[in-house]
Amino acid sequence: SDVGSQKDRVVTEEEWLEKWEMGNIRFHKEEGHPLLQKYLDVLLNGRSGLRIFFPLCGKAVEMKWLADMGHSVVGVEISEQAVKEFFSEHSLPYCEEPVPEISGAKMFQSTSGNISLYCCSIYDLSSSIVGKFDGVWDRGALVAVNPCDRQHYASLMISLVEKNSSYLLVTVSYDPNKHKGPPFYVPESEIKSLFG
Ligand code: SAH
């Protein structure tokens, strides 16, 4: 009941695009996330050359970190502006190509080949298009998903990970009656019921 004030709230794709256009992107952190540094060993679990997925990636600098460590990074983001800013802010040359399976979608890939960002809605992806992943960095992603779409999001994420994958999830703890989100409040009990 404490999340009742948020459960019907919807942020549309147009509103997200507008946030990017207006530079209203306080969620973006230039320094990278301290929790990824702290839990990097959990994500990697001694493995190298992983395929790591960044849902709702924005221009997260952690994508560059992990690619520089030798992993292959795949992200999905609806804002083309965000994707282009990622490559230009890291001075990474890239090429862009259509995604035959998804009408209107484009894939932006670093020339070195180890960072591929899909510009489309995450709900258009499937493992037949992007394959499966060994690791996930979910920061500002589940908590940005509209509460009515959480179940869809979680089952899609489960379908995109390998059996022995590690999934790092960052949520935000606060009083949902005082703030409408995003980030939305996702209680631990709901995470358990979404992901099992
Ligand atoms: N994870 C990033 C960005 C968080 S903000 C970070 O840590 O900085 C959430 C992002 O999701 C925004 O950039 C928004 O444009 C994008 N987004 C929202 N809905 C989406 C959808 N359905 N598919 C893909 N991207 C989406």
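Biologist: Where does Pro182 lie?

Modeller: In this predicted model, Pro182 sits in the loop between strand 7 (161-170) and helix 7 (188-195).

Biologist: What is the peptide bond from Gly181 to Pro182, cis or trans?

Modeller: General idea to begin with: most peptide bonds are trans. Now the case here: the bond from Gly181 to Pro182 is cis, and its omega is near 0 degrees. Then look one step along, where Pro182 and Pro183 are also joined by a cis peptide bond, with omega about 0 degrees. Pro183 belongs to the loop between strand 7 and helix 7.

Biologist: On to backbone angles. What is phi of Leu56, positive or negative?

Modeller: Most residues other than glycine have a negative phi. Leu56 has a positive one, near 45 degrees. You'll find Leu56 in the loop between strand 1 (51-54) and helix 3 (62-68).

Biologist: And what about phi of Ser91?

Modeller: Ser91 isn't a glycine, yet its phi is positive at about 50 degrees. Its place is the loop between helix 4 (80-89) and strand 3 (94-98).

Biologist: Why does Ser91 count as exposed?

Modeller: Exposed means over 50% relative accessible area. Ser91 has 64% relative accessibility, so it counts as exposed. Leu56, at 27%, is partly exposed.

Biologist: Which residues form a nonpolar patch on the surface?

Modeller: Leu35, Tyr39 and Val42 do, and together they have about 240 Å² of accessible area. Take Val42, which is in helix 2 (residues 34-44). With a relative accessible area of 47%, Val42 is partly exposed.

Terms used:
Residues are numbered from 1 along each chain as its sequence is written. This is a predicted model: local features need pLDDT of at least 70, side-chain atom pairs count only at pLDDT 80 or more; totals for chains, interfaces and linings use all residues. Side-chain values use heavy atoms; hydrogens and water are left out. Patches are made of residues with over 30% relative accessible area and no salt bridge: like charges are joined within 9 Å, nonpolar side chains (Val, Leu, Ile, Met, Phe, Trp, Tyr) within 5 Å. Accessible areas come from the Shrake-Rupley method with a 1.4 Å probe; for residues, only the protein chains shown count as cover. A salt bridge is a side-chain nitrogen of Lys or Arg within 4 Å of a carboxyl oxygen of Asp or Glu. Helices (H or I, at least four residues) and strands (E, at least two) are DSSP runs, numbered from the N terminus. Buried means under 20% relative accessible area, exposed over 50%, partly exposed in between (1.4 Å probe, protein chains only).
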